[in-house]
Amino acid sequence: MTAHTPPTAIEWVGELDGYIAILDQTLLPTQVATLQCREASEVADAINRLAVRGAPAIGIAAAMGVVLGVRNASDTDRGEFLARLDQTCRLLRATRPTAVNLSWALDRMATVAQADETLSVAEIKTTLLAEARRIADEDAAMCRAIGEAGQSLIKDGAGVLTHCNAGALATGGCGTALAPMYVAHELGRRFRVYADETRPLLQGARLTAWELTQADIDVTVLCDNMAASLMASGRVDLVITGADRIAANGDVANKIGTYGVALLAHAHGIPFYVAAPSTTFDLSMPTGAEIPIEERGADEIRRGFGRQTVPDNVACYCPAFDVTPAKRIRGIITDRGLIEPVRRETINAVLG
Ligand code: MRU
């Protein structure tokens with residue numbers, strides 16, 4: 001089986017005067033087009049519009065966005081440089097609140113920028129670009145490790161359900177939830193992926209289906225409200241989803257609808273797994289109840305994809321994420337190994 005190279009969601013092109021190339025996910029699956037960002041404000045806009053999305057990928061975008069935000073600051077005025085750094089981090093931090101990878105990446109960049117007072121501003125700018133690239137490379141390595149840690153869960157002939165897109169498009173590598181699928185496929189195992197379409201923005205239908213098809217992995221899309229019937233038919237052996245933030249007790253925030261899928265899996269006796277890099281854990285949050293949940297605009301429901309489907313005078317409920325309690329999760333597949341069962345103690349043991 002030849003290894004397939006998954007699509008690159010985001011990369012920095014060139015040196016300090018280069019740009020960020022983002023595969024514009026708003027246009028998939030019908031158009032494959034690259035967005036070139038040369039200003040931090042363009043990166044913030046791309047994150048807000050979900051042109052780049054998925055917890056690890058928005059962390060990488062934010063890190064690279066910091067470089068764009070500070071690179072034109074004066075090399076001789078450290079005060080101006082630090083003010084621009086602060087301004088850029090604020091702009092990017094305000095984009096999407098749920099995925100912890102975003103604030104984690106910004107904090108890491110801000111720390112690096114101020115770590116060595118003997119460096120000139122020009123040297124710090126180069127250091128920041130290297131750090132942003134390192135964040136992307138480390139994420140790719142974590143994706144691969146998640147794939148290797150989780151591949152044995154996917155047996156020959158299995159049916160695997162996933163929700164949203166936690167694949168290459170959402171990360172700097174081969175994904176989180178999809179990583180075990182890529183590795184199992186490389187190992188020659190045959191299995192079928194069921195991709196929930198994932199209302200309202202259809203990340204499952206548009207993105208997961210697109211990227212798995214590129215890799216020749218057998219994928220079938222279903223509307224979200226068909227998952228119960230699919231599970232009842234006996235065709236789902238396990239569920240794997242991604243995560244946007246994992247609290248210290250193992251509660252998981254992920255794309256809206258994940259909680260419902262976990263409850264359905266429980267009702268049908270189907271193991272429900274989450275796959276995430278160690279950068280998605282936020283041990284400062286005791287439980288999922290403290291995780292900030294992004295609310296999106298009503299038009300994503302009212303006028304999604306081309307036509308109005310809800311009357312103008314009707315309100316829409318539009319949280320982008322929900323929280324699945326730890327007790328409904330069989331295990332968390334991480335770059336440091338499998339956490340099973342999911343408890344505060346087992347998380348601490350693996351994350352150290
Ligand atoms: O709103 P999105 O598309 O950014 O939501 C993405 C998800 O919920 C993913 O499952 C999660 O970020 C994990 S990506 C590896």
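How many Å separate an oxygen atom of the ligand from an N or O atom in the side chain of Arg96? The separation is 2.8 Å.

## Basis of the model

This is a predicted model, in which local features need pLDDT of at least 70 and side-chain atom pairs count only at pLDDT 80 or more, while totals for chains, interfaces and linings use all residues. Residues are numbered from 1 along each chain as its sequence is written, and side-chain values use heavy atoms, with hydrogens and water left out.

## Contacts with the ligand

There are 18 residues around the ligand, and those that come nearest are Arg53, Arg96, Asp244, Asn254 and Lys255; a residue is counted as near if one of its heavy atoms lies within 4 Å of the molecule. The side chain of Arg53 places an N or O atom 2.8 Å from a ligand oxygen, and Lys255 has a polar side-chain atom 2.8 Å from an oxygen atom of the ligand. Taken alone the ligand exposes 420 Å², and the protein buries 100% of that area, as computed by the Shrake-Rupley method with a 1.4 Å probe.

## The surrounding shell

The shell around the ligand divides into 8 nonpolar, 6 polar and 4 charged residues, where Asp, Glu, Lys and Arg count as charged and Gly is among the polar ones. Both α2 (55-70) and β9 (252-255) supply at least two residues of this shell; helices (H or I, at least four residues) and strands (E, at least two) are DSSP runs numbered from the N terminus.

Because domain 1 (10-144) and domain 2 (148-351) both give residues to the shell, the ligand lies between them; the domain bounds come from an automatic or database domain assignment.

## Backbone features in loops

A cis peptide bond, with omega about 10°, joins Leu28 and Pro29, and Pro29 is found in the loop between β2 (19-23) and β3 (34-37). Another cis peptide bond, with omega about 0°, joins Glu340 and Pro341, the latter lying in the loop between β14 (337-339) and α11 (344-351).

Thr198, a residue other than glycine, has a positive phi near 70°, and Thr198 lies in the loop that runs between β5 (192-196) and α7 (203-214).

Note on methods: A polar contact is a pair of N or O atoms within 3.5 Å; within protein, one must be able to donate a hydrogen and the other to accept it, and residues adjacent in sequence count only if both atoms are side-chain atoms.
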